[in-house]
Each structure stands twice: as structure tokens, then as C-alpha cells.
Amino acid sequence: LKLKFYWDCLGAIGAPPTASIELNSAICALNFNYSLPMVSFQEISSTCPSALSTCQGGTEPGVEEYVYIDTVSIANQCADWLFSFSECCRNPSISNLVSPSSEDLYVESLLDNTGGTCNSSPVFTSLGVPYLCDGVLTNFNFGAFDVDGDSLVFSMINSLSSGGVLITYQSPYTLADPILTTSGVAFNSTNGQMSFTPSGLQVCIVTVLVKEYR
């Protein structure tokens, strides 16, 4: 299991030293937690060389990426394994969610290990916190690929809080347009490419689901 965690350096609560992953299967009636150790971290702030980010005690926006990895052995074969991670609380600076600081961060992944076939999930290669320029056309790709060569399908989904509960978007933001733009967000379900021109200063959450098919 591999989890990437992004932390705004202005936040009062830092990245957890270990990441608690919940493993759940309704079919097999199993539920347990596993702690992933932190293996690395780095600052990914997009600042000028002469500027100091908040991660370095400066004033420019600063973000750090933390990576948690470990090998987990599962004896049971279940078609509905759900791996989930939840952490309080979301960044209060987020523009497109209602009361973001009262919502948890939540991500999940599904696994069916009943087929007896080795399979890896899609991997995101781009940094999770891009910095964009106001009024400039942006073409952003999550850089997801599957090492097994499986076909991928992308979709934008509702942001989630603890337990997979849907979070309400702050008007005028919507699921289809989670970023204020000059003419909407174009999203390609085949490769996950997003094209848009941001309008105004904002901090936005975009949640993407990737499904793989063989």
C-alpha cells in the first residue's frame, strides 16, 4: 500500500507520523486497521528561488508531500475490499467546499482479490497540488498510468469526508465545475486531461476516480 499526503505548511496540524489505513469487506464481514510508516517527505512549493515559503518560515504558499508505504498480506479473498484513509481536518483556505475546516480528508481504493491474478492499481505521477496562473489557459493531467497496461477510465466525483460522506460545494462551484473559470472545465474521461482558464484567486479541491479494466 502507498499513500501520498499533502500538507499546507500554514496548517496548525502537521502530517501524521504514521497513516492509519482501514481495510474493510462487507462480503467477508472483516474490518481492521493497518498503520503505514512514513518513508519520505519533500517540499513541493512552486516559489521563486529568492522567495521563502511558509514551510521555510516565509510568507509564500508552501506545501509538503509525505509518502507512506508498507506491504500488507491479506489471507482472505473478498470481492469488495475497501482501503480507506481519513484525517482531520481539511484546509480552511479551500474555496469550493462549504465549511472545509469541519470536514475530514478522505480517500479510498477498491480491490477484488478473488480472481487469483496479480494486479496493480493505477498510479498518479503528477504532484497533487499544482499552482496555476490566473487568467492563463491551463492543461493539467494527473499523470495516472497502470503498470499492467490495463485500460483506464477517469471521472470527476464529489469530494468526500470521513466514511465517504459527500461534501457540499460552495456556490457557484459544482461537481462539473469545481474551479471558477472563464468558460468552464473540459475534462477528458479517457486520459484525465483537464483544460480550463482559472478566474480569480482560489484554493480548490478536485476529486478524481480512476477505474481500470482488463
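This is a predicted model: local features need pLDDT of at least 70, side-chain atom pairs count only at pLDDT 80 or more; totals for chains, interfaces and linings use all residues.
1. Residues are numbered from 1 along each chain as its sequence is written, and side-chain values use heavy atoms, with hydrogens and water left out.

2. What does D148 pair with? Its side chain meets that of R214 in a salt bridge at 3.8 Å, N to O; the term stands for a side-chain nitrogen of Lys or Arg within 4 Å of a carboxyl oxygen of Asp or Glu. The two partners come from distant parts of the chain, 66 residues apart: R214 lies in the segment after β13 (207-213), and D148 in the loop between β7 (138-140) and β8 (151-157).

3. The structure holds two salt bridges, and R214 also takes part in the other, with D150, at 2.9 Å, N to O. Here the partners are 64 residues apart, with D150 in the loop between β7 and β8. Through shared partners, D148, D150 and R214 are joined into one network.

4. Is each end of the R214–D150 pair buried or exposed? R214 is exposed, at 65% relative accessible area, whereas D150 counts as buried, at 11% relative accessibility.

5. Now the fold as a whole. The chain has zero helices and 13 strands, where helices (H or I, at least four residues) and strands (E, at least two) are DSSP runs numbered from the N terminus. Contacts between residues at least 6 apart in sequence join residues at least 24 apart in 63% of cases, a contact being heavy atoms within 4.5 Å.

6. On overall dimensions, the C-alpha trace spans about 50 × 35 × 30 Å along its principal axes.

7. Finally, the surface. Of the 214 residues, 31% count as buried. The chain exposes about 12000 Å², with carbon and sulfur atoms supplying 55% of that area, by the Shrake-Rupley method with a 1.4 Å probe.

Terms used
Buried means under 20% relative accessible area, exposed over 50%, partly exposed in between (1.4 Å probe, protein chains only).
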